[in-house]
Amino acid sequence: ILTRSIILTPTRLIEDWAPQTAAELTEASLAIFGELRPDVLLIGTGETHLFLPIEIYGPLINLGIGVEVMSTPA
C-alpha cells in the first residue's frame, strides 16, 4: 500500500513527491510533467474526487498533455 505521493511512468518511479494532498498541488509542483511529457497525467485526489483549478494544470494542457483528475481509488 502506498501512503505517500509518487510519480509513476513506464520507465521511472519517483518516490516521495513533495505534494501530499490535492490542496498542496501547484503549477510549480506539476512542472515536472512538462519535462516528463506524458501523453496523459492522472491525478488522484485521495478518497474523494476534488476539482482542481485550471490554473494549476492548464499549462500542461497547453503543452498537449491530457490531464484527468479523479479520486485515488478510481
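So, R37: is it buried, exposed or partly exposed? At 48% relative accessibility, R37 counts as partly exposed, where buried means under 20% relative accessible area, exposed over 50% and partly exposed in between, with a 1.4 Å probe and protein chains only.

Quick housekeeping. This is a predicted model, so to speak of local features we need pLDDT of at least 70, side-chain atom pairs count only at pLDDT 80 or more, and totals for chains, interfaces and linings use all residues. Residues are numbered from 1 along each chain as its sequence is written, and side-chain values use heavy atoms, with hydrogens and water left out.

Back to R37. It sits in the loop between α2 and β3; helices here are DSSP runs of H or I with at least four residues, strands are E runs of at least two, and both are numbered from the N terminus. R37 has a positive phi of about 55° without being a glycine. Most residues other than glycine have a negative phi. D16, in the loop between β2 (13-14) and α1, also has a positive phi, near 55°.

On α3, the buried residues are I56, Y57, G58 and L60. Their cover includes α1 (27-30), α2 (32-36), β3 and β4. Just after α3, G64 takes a positive phi of about 90°.

Key: Contact = heavy atoms within 4.5 Å.
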